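I opened the notebook to look up aromatic rings. The entries below follow the order in which I checked things.

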Amino acid sequence: MTTQIPAPDPTESSPRVGWLRAGARRVVPLGLRQSVLAVVLGLVVCFGVILLVADDPATAFSSFLTGTFKTRYAFGNMIAIGTVLIFTALAATVSFRAGAFNIGTEGQLVLGGLVAAVVVVAVPGPGILAQLVALVCAALAGAAWVALPAWLRIRFGTNEILTTLMFNYIAADLALFLVNRFFRDKTSGAVETPPLPTDLWLTRLLVPSPANVGVILALLVAAGAWLVFDRTRTGRRMEIAGVQPAFAEYLGIRSTRYLLTSLLSSGALAGLGGGVAVLGITHAYVSGFSPQYGFLGITVALIGRLRPGGVVLAAFLYAMLMTGATSMQSASNVPFALVFVLQGVLVLLVTSQRIGGRS
């Protein structure tokens, strides 16, 4: 006589997986048509605002849409902004696809930028070596900053949305304190580190614009993210562990290990973005150097459907709108703040979909 042992039900409650089920979250990315619709509706709202406030709507429209391509500097500026957005959007993508919500990319980016500015001048040897070491340290700083929220999530089931969000404010104050106390440029009235020597800058691509070789690194990282998530078993396991942690445990996948890996990788990408921004754009750590790149990256990631290729396209699209808004502000009486209207509309449209549901 044989005895059949019924397979355990992965959805059955048990003390071992109870906290995993409680912590399971899922971001359902938009479809392609929904992403395009969200962008189009956002632009329609912006155009409506321009019609209401602009003295010359035609000039404002033209500058907003084509300002990026009118000068070499504007085009290069778009590439530079898009580069940083790729990093922060990939940071959000990695965590979201693994079922973790890292909302602290802004803080990780700020600390990564500060660490890069400090390390790059302390490393002896050729500039390229100092840049590489500084970028690695920036990534490590971002990963370190998200380590505590990740541990709290894994050990106590703490909501990482709240902890990572709060860590943004701590990071801003910590960076302000460190710069004022140890690294401030005494000759400057602003809160910033001394300007970097030109040999420590990332190689510029479209002089005099801030476009730099960081864009190549960003594209390589995006390709790597695509390989990991779409072509490797590790990526598949990471998604399963995040979306269905109880089922993953049933399959023998250590969901906590993949959750920790995804959050640390997310923090590292955000920190790396900060390093690229400082070494390639500002050439010094300047307090407030980030116009909310971290939060913008979340919007870009969702518009890009949490796909590395989509993220790259969405990042450059959003960067184009930002540089277009700058051109529009110069050519008309419509302020740059219109971009924030667009951002708000996009966030409303994106989050009105199926985001935030529990698996």
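I call a residue buried under 20% relative accessible area, exposed over 50%, and partly exposed in between (1.4 Å probe, protein chains only). I am working on a predicted model, where local features need pLDDT of at least 70, side-chain atom pairs count only at pLDDT 80 or more, and totals for chains, interfaces and linings use all residues. Residues are numbered from 1 along each chain as its sequence is written, and side-chain values use heavy atoms, with hydrogens and water left out.

Entry on ring pairs. I pair rings of Phe, Tyr and Trp (its six-membered ring) if their centres lie within 6.5 Å; planes under 30 degrees apart are stacked, over 60 edge-to-face, and the rest tilted. I counted nine aromatic pairs by this rule. One of them is F47 with F61, edge-to-face at 4.9 Å centre to centre and 75 degrees between the planes. F47 is in helix α2 (residues 32–53) and F61 in helix α3 (residues 57–66), 14 residues apart. Helices here are DSSP runs (H or I, at least four residues), numbered from the N terminus. F47 has 23% relative accessibility, so I noted it as partly exposed. F61, at 22%, is also partly exposed.

Entry on a second pair. W145 and F167 are tilted, because their ring centres are 5.1 Å apart and their planes at 55 degrees. W145 lies in helix α6 (residues 127–156) and F167 in helix α7 (residues 160–183), so the pair ties together parts 22 residues apart in sequence. Is F167 buried or exposed? F167 is buried, because its relative accessible area is 16%. W145 is buried at 17%.

Entry on a cluster. I found F47, F61 and F64 in one aromatic cluster.

Technical notes:
Helices (H or I, at least four residues) and strands (E, at least two) are DSSP runs, numbered from the N terminus.
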